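Morning, everyone. Please have a look at the structure on the screen while I talk.

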Amino acid sequence: MALVELRNISKIYYVGDEEIRALDDITLDIQSGEFISIIGPSGSGKSTLMHILGCLDSPTKGTIQLDGTLLHNASPAQLAAFRNRKIGFVFQFFNLLPKLNVLQNIELPMVYSSVPARERKERALNALKMVGMDNRAKHRPLQLSGGQQQRAAIARALVNNPRIVFADEPTGNLDSRTGEAILDLFLQLSREGRTIVLVTHDPEIAAVTPRRIEIRDGKIAKTLDPKLAGLETK
Amino acid sequence: MNLWITISIGFKEIWAHKFRSLLTMLGIILGVSSLVAMSALVKGMENGMREALIAIGGLEKVRVEAQEVPAYQEHLADQAVGCTINDVYALQHSAPLVKLITPEIDLYRTTVSRQGKYFNPFVVAGTWPSAVEMNQHVVQYGRMFNDIDDSNARSVCVIGTATRDALFGAPDDIGHEIIPLGDRININGQLFTIIGMFKHYESEQARLERELEKNQPAGTSKGSARSRGHGHSSGGFVFWLKNATIYIPLNTMWIKFRTATGTNNIPDPRLSSLTFKIADINRMDTALQQAHNVLMHTHNQIEDFAFRTMENWSENITAAIKNARLSGGIIAAISLVVGGIGIMNIMFASITERIREIGLRKAIGATTFSIFIQILVESVVIAVIGGLAGLLNSYGLVKLLTALSPTNNAPQITFVAMLVAFAFSAGVGVVAGLLPALKAARLDPIEALRYE
């Protein structure tokens with residue numbers, strides 16, 4: 001069974017009488033351990049898709065099953081718990097809280113899952129080590145470079161050991177060299193077995209991932225599946 | 001979500017905006033300290049009144065005074081006997097609710113003199129030894145005259161410190177205290193031996209002031225010495241009056257002063273007043289009725305007497321205190337509410353600043369409830385810190401108020417007032433935080449994360 005199963009997902013907004021289909025009948029499976037990119041120009045619906053995948057939003061039509069649980073009519077509190085335990089987010093603008101130091105920022109998801117303080121610190125330090133930032137634990141986010149901030153944000157996304165990590169334009173706010181380093185980090189995490197979904201408008205970045213899904217006008221326009229293309233043998 | 005972490009987040013948020021938080025707290029600080037200071041002032045007033053009430057003998061004291069014969073008994077006026085010693089015996093035997101009775105013959109416009117020094121007391125009273133208990137006197141030196149002194153009509157007197165001060169010199173002026181036991185004084189030309197002196201009566205406040213002055217080095221007084229007059233306020237007057245007491249035995253008074261002034265040689269048997277205490281303050285009406293019935297009997301059914309109780313006086317004071325408490329409380333509550341509005345305002349500003357933070361917190365798993373609690377706790381933390389600072393500040397405020405308008409009654413900060421004010425400030429924090437917390441909790445995480 002796939003880690004994420006989307007079946008006939010539609011997201012419809014109404015502006016006045018006009019119907020806007022942000023997502024139109026999308027069916028998609030994501031297997032555990034995959035490294036996927038969702039690409040598309042702005043306004044294509046890729047962000048809406050990511051929000052629905054990330055339990056931040058719910059679809060107008062269709063069903064979504066995440067890690068064996070059907071997210072149908074889930075309460076906001078259940079969705080919050082899902083985001084907390086099963087999902088990690090990496091954002092374009094890092095979204096680290098400026099008043100907390102790096103370690104405290106990384107501890108934040110565990111605060112909301114009531115992990116005891118000592119374990120929180122231990123796990124946060126481990127996550128920092130994973131992204132190569134263990135010497136910056138006591139720094140404030142604004143004392144770090146963009147690349148370091150994004151590494152800290154990735155550590156925060158990983159700290160609760162989520163089933164899937166969503167990265168929304170993670171290199172969009174970085175220069176190309178730092179961006180490459182961040183992509184290398186994602187590749188390395190992918191090799192370690194993490195499921196990662198990369199959302200971007202940049203085909204060059206999407207080229208890093210084995211599987212690519214292109215969204216246009218709310219529909220899946222093109223997929224590059226390594227298995228279907230015969231690029232991968234397993 | 002751990003409550004301690006939420007509270008510590010609140011503290012951090014406040015610390016990050018020190019100046020803004022301080023300004024916000026100011027409203028609460030002022031509200032709490034004015035609430036405490038107001039109640040301290042009222043408490044001081046209350047204490048002063050209670051002291052004065054105790055000094056004049058308490059609520060259960062009833063004075064029987066002579067009164068003009070009422071109009072419907074005008075034709076019987078020549079048979080009215082007035083209050084006499086018979087009334088005292090009748091009450092003692094027939095009115096069980098009457099506990100203690102003291103007759104009194106008062107002598108007004110007297111001149112008391114000793115070796116060229118003069119003193120005009122308000123009254124010289126001829127009375128029974130029980131006057132000490134009745135009027136809550138304390139004999140500090142010597143003794144009160146006793147029944148034998150009374151029945152032998154001895155020329156002895158017991159005086160208060162104001163009388164001593166006038167005739168022998170006050171301790172403050174001559175530097176040491178004179179205890180004039182055995183000395184003789186003239187009361188309207190009659191020689192009396194002082195056999196006892198009462199202690200010096202004063203309000204708690206006056207005592208503290210006096211002790212403070214005593215500790216000041218000599219020679220610091222400004223300008224020429226002047227008398228501040230007797231009693232600087234109504235409360236002080238009560239104490240001065242009590243200190244100016246001169247008591248002589250009832251029979252002495254009767255024989256020495258009534259025979260001399262009467263037109264025939266039968267001394268005038270009428271008492272100036274008689275005072276009794278009732279056994280149970282809650283049965284005041286019954287007791288008065290009882291006394292009334294007895295006295296009507298001894299007065300040949302002519303109502304030439306009236307009762308005077310302390311009830312009216314005490315009711316007026318209670319009403320005044322209640323009014324002061326109410327108006328002060330309302331003003332303080334208004335300033336607390338204003339402080340609460342300030343908190344609400346700043347919390348709205350604060351969440352608008354932190355929309356992205358709230359969005360992020362929601363994205364990483366914060367529930368609506370935990371965001372709500374976080375904002376609420378921040379609001380309550382501001383209010384509670386403000387409340388604590390207000391409690392500290394109230395001491396200063398009370399000092400300031402006392403310095404600006406000195407009163408005879410030292411304000412007293414009570415624990416209950418502090419508790420109420422503090423609870424009120426915490427409550428204001430909760431109420432002020434509700435709306436901003438609700439607004440923050442309802443934010444849509446996607447919108448909030450996109451917010452610029």
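I'll go through the sheets of chain A, then a strand, the domains and some helix pairs of chain B. One caution before I start: this is a predicted model.

Chain A, then. Let's take the sheet of 6 strands. It is open, and the order is β6-β7-β8-β3-β9-β10. The pairing in this sheet is mixed. Which strands sit at the edges? They are β6, residues 87-90, and β10, residues 219-224, each of which pairs on one side only. From one strand to the next, the twist averages 20 degrees.

Now look inside that sheet. Strand β3 of chain A covers residues 35-39, and strand β8 of chain A covers residues 196-200. These two run parallel, with 5 bridges between them. For one bridge pair, find Ile39(A): its partner in β8(A) is Thr200(A).

Is Val90(A) buried or exposed? Its relative accessibility is 1%, so Val90(A) counts as buried. The cut-off for buried is under 20%. Along the chain, Val90(A) and Tyr13(A) are 77 residues apart. Their C-alpha atoms are separated by 26 Å.

Chain A also has an open sheet of 4 strands. Read across, the order is β2-β1-β4-β5, and the pairing is antiparallel. The edges here are β2, residues 18-30, and β5, residues 69-70. Each of those has a single partner strand, so one side of each has no neighbour in the sheet. For β5(A), consider its pairing with strand β4 of chain A, residues 61-66: antiparallel, over 2 bridges. One residue pair to find on screen is Leu66(A), with Thr69(A) in β5(A) as its bridge partner.

Over to chain B, and to strand β7, residues 156-159. What covers the two sides? With strand β10 of chain B, residues 246-249, β7(B) runs antiparallel, joined by 2 bridges. Keep an eye on Ile159(B). It stands opposite Met197(B) in β9(B). Ile159(B) also stands opposite Ile246(B) in β10(B).

Next, the domains of chain B. Domain 1 takes in 3-53 and 316-450. Domain 2 takes in 60-215 and 227-309. How far apart do the C-alpha centres of the two domains lie? The answer is 54 Å.

Last, the helices of chain B. Start with α2, residues 18-55, and α14, residues 368-404. Their axes come within 6 Å and cross at roughly 45 degrees. α2(B) and α14(B) are therefore oblique to each other. The crossing of α2(B) and α14(B) is right-handed. And what kinds of residues make up the contact of α2(B) with α14(B)? There are 16 nonpolar and 8 polar, with no charged.

The other pair is α12, residues 311-353, and α15, residues 415-441, both of chain B. Here the axes come within 9 Å, and the crossing angle is roughly 30 degrees. With angles under 35 degrees counted as roughly parallel, α12(B) and α15(B) are therefore roughly parallel to each other. The crossing of α12(B) and α15(B) is right-handed.

That's my tour. Thank you.

Conventions:
Residues are numbered from 1 along each chain as its sequence is written. Chains are lettered from A and ligands numbered from 1 in the order in which they are written. This is a predicted model: local features need pLDDT of at least 70, side-chain atom pairs count only at pLDDT 80 or more; totals for chains, interfaces and linings use all residues. Side-chain values use heavy atoms; hydrogens and water are left out. Axes are lines fitted to C-alpha atoms, for helices over the stretch in contact, and angles run from 0 to 180 degrees between N-to-C directions. Angles under 35 degrees count as roughly parallel, over 145 as roughly antiparallel, 65 to 115 as roughly perpendicular and the rest as oblique. A crossing is left-handed if the near helix is turned anticlockwise from the far one by less than a right angle, and right-handed if clockwise. Ala, Val, Leu, Ile, Met, Phe, Trp, Tyr, Cys and Pro count as nonpolar, Asp, Glu, Lys and Arg as charged, and the others, Gly among them, as polar. Domain bounds come from an automatic or database domain assignment. Two strands pair if DSSP finds at least two bridges between them. Buried means under 20% relative accessible area, exposed over 50%, partly exposed in between (1.4 Å probe, protein chains only).
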